[in-house]
2 protein chains.
Amino acid sequence: MLPFARVAVIGLGLIGSSVARAVREAMPNVRLTGHDADPQVRETARALALVDDVADHPGAAVLDAELVVLCVPVGAIGAVAAELAPDLPAGVIVTDVGSSKASVAQALAEALPGVAVVPAHPVAGTERSGPEAGFATLFRNRWCILTPAEDADPVAVARVAEFWRRLGADIEQMAPEHHDRVLAVTSHLPHLIAYTIVGTASDLEEVTQSEVIKYSAGGFRDFTRIAASDPTMWRDVFLNNREAVLDMLQRFSEDLSALQRAIRWGQGDELFDRFTRTRAIRRSIVEQGQDDARADFGRSHE
Amino acid sequence: MLPFARVAVIGLGLIGSSVARAVREAMPNVRLTGHDADPQVRETARALALVDDVADHPGAAVLDAELVVLCVPVGAIGAVAAELAPDLPAGVIVTDVGSSKASVAQALAEALPGVAVVPAHPVAGTERSGPEAGFATLFRNRWCILTPAEDADPVAVARVAEFWRRLGADIEQMAPEHHDRVLAVTSHLPHLIAYTIVGTASDLEEVTQSEVIKYSAGGFRDFTRIAASDPTMWRDVFLNNREAVLDMLQRFSEDLSALQRAIRWGQGDELFDRFTRTRAIRRSIVEQGQDDARADFGRSHE
């Protein structure tokens, strides 16, 4: 049985358009409606036929929906939910795809009193943005974390879980605060560091930008991928998961200072020991299907 | 005309075995000899027929060579060169593939007085190590930087440049000190940061290692790739390019502190501005063929 027969996707960028495409592929009988605040994105969504009906007003997209999936930057979720609230039908379930969850849970609870809310975070994405960047297999073999409130309706949670399973994801459930600490280290801190080093490299004087680009295959290019991610989305993530990010950043800075000291004092054994511990994690990530098993992410070498 | 008819590769790991494979493919008539200090690597090299003759003693590998390519960690280059010195034939040219160049140039000049030395650095690699990890196309469309001394024989430099061109590389030439500053930012600092964050994530208590692995697709997994690189090689790089690495690290730390402050004080515009500047570099890297043009490095999403 389909978990939902009518699904509305609000926000048709990389994630929203991937949700729409994945629903089309996995549950072709679902009636899909959608909306994006940007008229150009709506036009592209119509041209790509991402959903059955692209509404010009968000309320029109949700009028008849059983599930509403909010795919907007986390800083906008509260306002978007409040705008939708008057048009939400009885019995609807609202979920989202935001990368931070404690502030989102609070914003949704405030904007939608009495509505069944099941916040979610599919841990998947690419560095691209917009409705053309999405694809149906984005969530396949990725984890989707649900962070329902303790008193959430278990049937609503089960239906949202089944929805994501149909899109190819594995499901995990945890408290929003724990989610925010886990993702601070596995996602937010890596993005912050990548944005920083790409900025640092751009600002050098005696090493030109052209040299940075030419010799980026030495490792730098890896960081430029996630530093090309959507600036609005990431601004909102850092503002909405501030405490956890600052705590992880503090730990990272201490560890970096220890390595800096080992380099300054020529402590080769210390460096070797630290560089040896890190291989096992890579191996586990590949073994558990969370990264491409080929060398160099499967990059082409032709 | 072949730049060299007889080539000896000393060190048959990822890079040395890739040089041997690429020579076989691009210049099949070259007579290839090789040596590795590790008896097991020599056995594997024989089983894979990487070169025509794997010598048990390094001197035997170079006796008849026109070009000797040192593919050992930069900290070992001086000692290996000194061991080879008595057996080097007249007119030989010695080159290397080390990731830092000022200390290598000095070590080679001291170990090999009167020998034609043309230090080189092909900016290419993967996270894998050992003779099985190499492949013939590793250097294709990558840059190889030559850092000859100012009084180096221009004919020797031209022959080494032609050798690398035949393996598919583009050639650039610069002073070793400038090389070391450029690579400190495009390669050494990225590796140091990747090793650090993977270590930080491993040491957390309230976020388990299993969670770090499961949710690594949020960005963390990108860092684990270069943090899986060879620990001996990277220990030596940091000890041999200390000043440039410490300087770049200092700049990075200052920039990271600025972002930390912006997060703490909720300065969204500041974050947005910094996150917007970094997309252009990614675009240029892809346009110049220094990274895979596909989203997500071309990772499989099936």
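How many residue pairs are in polar contact between chain B and chain A? The count is 48, with both residues at pLDDT 80 or more, a polar contact being a pair of N or O atoms within 3.5 Å, where within protein one must be able to donate a hydrogen and the other to accept it, and residues adjacent in sequence count only if both atoms are side-chain atoms. This is a predicted model, in which local features need pLDDT of at least 70 and side-chain atom pairs count only at pLDDT 80 or more, while totals for chains, interfaces and linings use all residues. Residues are numbered from 1 along each chain as its sequence is written, chains are lettered from A in the order in which they are written, and side-chain values use heavy atoms, with hydrogens and water left out.

Between the chains, 111 residues of chain B are in contact with 111 residues of chain A, contact meaning heavy atoms within 4.5 Å. The rule also finds 16 salt bridges across this interface, each a side-chain nitrogen of Lys or Arg within 4 Å of a carboxyl oxygen of Asp or Glu; one of them joins Arg221(A) to Asp291(B), with the closest N and O atoms 3.8 Å apart.

Within chain A, the domain assignment, which is automatic or from a database, gives domain 1 (6-174) and domain 2 (178-292), and their centres, taken over C-alpha atoms, lie 30 Å apart. Here 20 residues of domain 1 of chain A touch 18 residues of domain 2 of chain A, and the count between these domains is one salt bridge. Glu127(A) and Arg225(A) meet through their side chains in a salt bridge at 3.0 Å, N to O.
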